Amino acid sequence: MNDSSRLPIGLFDSGMGGLTVFKALAERLPHEDLLYLGDTARLPYGTKGRDTIIRYTLKAAQKLVDMGVKMLVIACNTATSAALEAVREQFAPLPVMGVVAPGAQAAAQASVNGHIVVVATEATIAGGAYQQAIARIRPEAVVTGRACTLFVPLAEEGWMNGPIVEGVASRYLADIFSPDSSMANGANSAVPDTLLLGCTHFPMLQEALQNVVGPQVRIVDSAATTALRVAEELKATGLLSQGNGPAHYSFLTTDNTARFARTGSLFLGRELGHGEVSLVDL
């Protein structure tokens with residue numbers, strides 16, 4: 001057993017969206033300690049330039065490494081697409097996992113007709129990370145990307161469903177999922193059958209999104225697949241916790257602990273006390 005196996009897994013996101021990955025990890029690996037950092041002071045990352053995203057991500061990763069972690073999980077699609085390789089290079093040989101590759105794998109497996117729509121932040125779509133990742137797994141797939149910038153603040157505000165959220169979602173997606181959209185999207189007359197949530201905030205809006213795109217469309221996200229990949233990596237590297245007791249969870253934010261606790265409770269599906277969240281500076 002590696003001595004580092006007793007250390008926590010460090011997770012990072014620009015805000016609270018990564019708590020969807022946190023929740024999936026806690027369910028799959030109930031004996032693993034988890035340390036979560038949400039950089040809410042600099043939210044959102046999706047509208048920032050690539051160099052800025054890399055700089056912010058490296059600072060957040062450094063904070064977690066300084067606190068002592070056995071693995072880094074970049075639980076943010078924007079940060080993964082822009083900064084994954086930079087983080088791996090700077091902190092090698094520490095294992096670093098992103099959410100793009102697991103999400104692409106889940107979407108490629110879920111789609112029957114091969115037409116996948118990726119919704120994500122502006123930076124993730126512009127960078128083409130999901131398009132490229134899906135192409136490596138399923139070269140014949142047609143991938144339509146759509147930047148949905150307003151989804152992040154809606155989720156952070158705790159607006160998960162209802163007519164306003166559905167109205168915003170319809171504005172972004174109705175043209176892609178309409179019956180006459182396939183020719184415009186070059187999908188060989190196949191209307192998209194899979195919607196990939198390419199941002200860890202977006203699963204909180206799944207009910208509203210399903211209402212907009214219709215029950216026939218499969219909606220997938222990277223959280224569960226990422227948790228599976230993390231478990232596999234920990235086992236392969238001898239870092240899997242050998243403890244049988246309850247896990248210890250810690251939450252860090254760069255701004256407004258009370259708001260983090262309030263909205264974080266919605267993401268986690270349980271009450272997150274104000275006292276459980278610590279304020280840190282990057």
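Is R138 buried or exposed, and what is its relative accessible area? Select R138 to begin: with a relative accessible area of 14%, R138 is buried, where buried means under 20% relative accessible area, exposed means over 50%, and partly exposed lies in between (1.4 Å probe, protein chains only).

Before going further, note that this is a predicted model, in which local features need pLDDT of at least 70 and side-chain atom pairs count only at pLDDT 80 or more, while totals for chains, interfaces and linings use all residues. Residues are numbered from 1 along each chain as its sequence is written, and side-chain values use heavy atoms, with hydrogens and water left out.

E140, at 54% relative accessibility, counts as exposed. A search of the whole structure finds 10 salt bridges.

Select R218 and D193 next, whose side chains also meet in a salt bridge, at 3.5 Å from N to O. R218 lies in strand β8 (residues 218-221) and D193 in the loop between α9 (181-185) and β7, so the pair ties together parts that are 25 residues apart in sequence; helices (H or I, at least four residues) and strands (E, at least two) are DSSP runs, numbered from the N terminus. R218 is partly exposed at 36%, whereas D193 is buried at 8%. Salt bridges that share partners also join E156, E157 and R259 into one network.

From there, move to H201, in the loop between β7 (194-197) and α10 (206-213). H201 is buried, with a relative accessible area of 1%, and, leaving aside its neighbours within four places in sequence, its contacts (heavy atoms within 4.5 Å) include D13, S14, L43, E156 and F267.

Finally, select helix α2 (residues 50-67), whose 18 residues reach 26 Å from the first C-alpha to the last, close to the 26 Å expected at 1.5 Å a residue, the expected span being 1.5 Å times one less than the number of residues. Among the buried residues of α2 are I53, Y56, L58 and L64, and what covers the buried residues includes β1 (9-13), β2 (34-38), β3 (71-74), α3 (77-91) and α5 (122-127). The tour ends at G68, which follows α2 and has a positive phi, near 95°.

Terms used: Salt bridge = Lys/Arg side-chain N within 4 Å of Asp/Glu carboxyl O.
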